[in-house]
Structures are given as structure tokens and as C-alpha cells.
Amino acid sequence: MAAPQAIDPDILPRLDPEYVAFHNKYVAHLVPPHSLPWDPAIRKGDTVPGSAEVLSVGSVQDYDLTHCKVRVFTPEGTPPPDGWPAYVWYHGGGWTLGNISSENAFCSRLCKGAKCVVASPDYRLAPEHPYPAAVEDSFETLQWVFEQGKSLLGVDPTRLAIGGSSAGGNLAAIISMKAAELKPPIHLKLAQLIVPVTDNTALHTDDRYPSWKENANTVWLNTGRMLWFRNFYIPKELERTEWDNSPIFAPDELLAKSPKTWIAVMELDILRDEGLAYGERLKKVGVPVSHKVYAKAPHQILAMDGVLSVGRELVSDAVENLAEAFGTL
């Protein structure tokens with residue numbers, strides 16, 4: 001009998017061998033959550049196994065927002081004269097899984113490597129809190145950092161950036177545009193979109209994004225798991241074309257207000273081509289965009305930097321890219 005998450009024969013030769021070895025030892029035997037009846041206890045396990053250790057930083061403190069907490073990582077040492085640059089990070093997990101602790105290792109590396117304050121919210125999750133709850137909490141987090149950061153966190157509100165992974169990348173794209181719509185706007189130095197969801201109407205049966213068909217049976221985030229997440233987060237199909245859950249549908253004039261953007265996608269991810277397509281839309285309206293495709297990598301490697309070379313490469317690229325935007329290299 002095949003293991004519950006045995007690697008599909010068509011996917012196996014295309015995957016990073018280092019990932020294959022880890023998957024077969026630690027993941028293949030696990031029952032995928034989308035095959036089980038919904039139970040909030042599913043959230044108690046690791047969102048993704050294989051993370052590196054959390055690095056020591058100057059301080060880590062949680063603060064209360066209206067509906068959620070935000071965790072703030074502050075660098076060691078003396079802040080610059082005008083305050084630390086600040087980065088708001090949104091965790092992944094399909095708007096359904098993940099929590100304030102699930103990407104602590106990555107947040108600590110950004111804090112230490114880019115010499116910036118990192119604020120990451122524990123935004124409300126579906127199915128208990130479907131769209132737009134995650135958007136509301138994510139937007140409040142950025143506004144809180146902008147308005148309270150100088151006095152409370154020692155932050156320079158003129159040096160802000162934003163980012164997220166997967167569902168968090170979706171939120172980062174959306175919040176970067178919401179920030180630009182404010183009067184006055186919140187100016188961002190950079191948006192980092194790592195394996196972002198940009199189109200919540202995508203399916204493996206359409207031709208817009210070949211990666212949905214090509215990688216339909218990929219490891220971890222296959223089409224079944226992605227649609228499971230989507231149906232929890234946006235149960236009303238008519239809402240799936242709203243730009244604040246599918247940012248690829250944002251009008252040109254709003255997209256053009258997006259900050260400089262870095263997009264990281266994985267070759268073996270169903271979301272690869274919608275991420276690249278979003279980058280092309282940004283370029284067409286004049287937004288500076290760069291991207292990188294990580295060869296042989298599946299969706300979730302950001303959180304696997306403790307066991308995969310390609311995971312460490314992604315984390316290192318993200319830190320370097322952020323430090324360059326902040327001028328802290």
C-alpha cells in the first residue's frame with residue numbers, strides 16, 4: 001500500500017534529490033490534512049517540517065491588535081539615528097494553517113541579517129474567519145507599525161517594507177496596494193512575494209497557468225490541498241475575482257501604485273505561473289519587478305532551510321534583497 005503522501009512518479013525525477021530524501025523519511029507517511037474532516041486540532045502540528053533554528057535577536061515581544069496579536073523582532077545593538085527600518089511579514093498556510101510562531105526562524109533571520117524590526121501578525125484564520133478577516137488584520141498590522149512604530153518600537157516610518165509566503169504573499173501584494181490607497185499613502189521600499197497566490201480562480205483545467213496542470217500532483221501543495229484552502233477562505237465563488245483576494249485582478253491604475261517588488265517562485269509549484277504572471281502585470285504598468293525561479297524546488301521550501309540547500313538559498317536571497325532595499329547591507 002502506497003504511503004499517504006508518496007511522491008507521484010511523474011514528479012519524482014523533476015524534484016531536488018535532497019528534498020526527495022527528506023520527504024520520503026519525514027513526510028510521505030503523514031496523512032495530508034485536506035483528506036481529513038476539518039478539525040482545528042490539525043493546526044497543532046508543524047505547518048512545514050524542516051525549519052532551521054530561531055536566531056537570537058535583541059528582543060521578541062507580542063502586542064495586541066484589534067482581533068489578533070503581532071510579534072515584533074527587534075535587532076541587537078543601537079538603532080540608527082532615525083530608527084530601525086521595519087518589515088511586516090505575513091506567514092503562509094493557506095489562510096487556514098500557520099500561526100504567530102510558525103515562521104519565527106525566518107523572521108529572526110530577516111531581523112538579524114537585514115538589521116530591521118520585523119512585525120508578523122497572527123491574523124485570523126479560515127474556516128472560522130473567512131475572507132476578508134485575514135486582509136483586515138494584515139492591513140491593521142501595517143498601519144499599526146506605521147503609526148505606532150516610532151514611539152513604541154523605535155522604527156523609522158519612512159523605511160518600511162512588506163512580504164509574505166504563499167497565502168502571506170497574497171496578503172502582502174494586497175496590503176501593498178491598500179497602503180498606496182490611503183490618504184496620505186504609506187510608502188513602501190519593497191514588497192517580497194514568495195510563492196504568492198495571486199489568482200483564486202485558477203484551476204488545473206484552464207490554460208492560463210500551465211503550472212497548475214504540469215504540477216497538479218506535486219508534493220505538499222497539490223491541487224487538492226490548494227482548493228481545500230480556497231474553499232475555506234473564500235467559500236463564495238463570486239468573491240474570488242475581488243482584487244483584495246486575487247490581486248492579479250486589480251485595475252492597472254491601482255497596480256501601478258505597488259512598490260518595487262521581488263517575486264520568488266518554485267519550479268515544482270502549482271502557483272509558479274500565476275506568480276510570474278502577476279510580475280508581468282506589474283511590469284506592464286511600470287512597477288520595478290525582479291523574480292527568481294528556484295529549480296527542482298516545491299512550494300514550501302522557505303520553511304525547510306534547516307534541511308535543504310535550496311531552502312537556505314531562498315532565505316539568503318530574501319535577506320539580501322531586503323537589506324539592499326533598506327541600505328543595510
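**View 1. Glu214 and its partner Arg272.** Glu214 counts as partly exposed because its relative accessible area is 36% (buried means under 20% relative accessible area, exposed over 50%, and partly exposed in between, with a 1.4 Å probe and protein chains only). Its partner is Arg272, and the closest N and O atoms of this salt bridge are 3.0 Å apart (a salt bridge is a side-chain nitrogen of Lys or Arg within 4 Å of a carboxyl oxygen of Asp or Glu). The two residues join distant parts of the chain, with Arg272 in helix α8 (residues 272-284) and Glu214 in helix α5 (residues 210-214), 58 residues apart. Helices here are DSSP runs of H or I with at least four residues, strands are runs of E with at least two, and both are numbered from the N terminus.

A word on the model: it is predicted, so local features need pLDDT of at least 70 and side-chain atom pairs count only at pLDDT 80 or more, while totals for chains, interfaces and linings use all residues. Residues are numbered from 1 along each chain as its sequence is written, and side-chain values use heavy atoms, with hydrogens and water left out.

View 2. Salt bridges link Arg14, Glu214, Arg272 and Asp273 in a network.

**View 3. The pair Asp206 and Arg208.** Here the closest N and O atoms of the salt bridge between Asp206 and Arg208 are 3.0 Å apart. Asp206 is buried at 18% relative accessibility, whereas Arg208 is partly exposed at 41%. The count for the model comes to 18 salt bridges.

**View 4. Helix α4, residues 167-181.** This helix has 15 residues and spans 21 Å from its first C-alpha to its last, close to the expected 21 Å (1.5 Å times one less than the number of residues). Because 14 of the 15 residues are buried, α4 is largely enclosed by the rest of the structure.

**View 5. The annotated span, residues 88-301.** An unreviewed UniProt entry lists these residues as "domain: Alpha/beta hydrolase fold-3"; such annotations may be inferred rather than shown by experiment, feature names are shortened, and positions follow the numbering used here. The span is 37% helix and 16% strand, and its end C-alpha atoms lie 20 Å apart.
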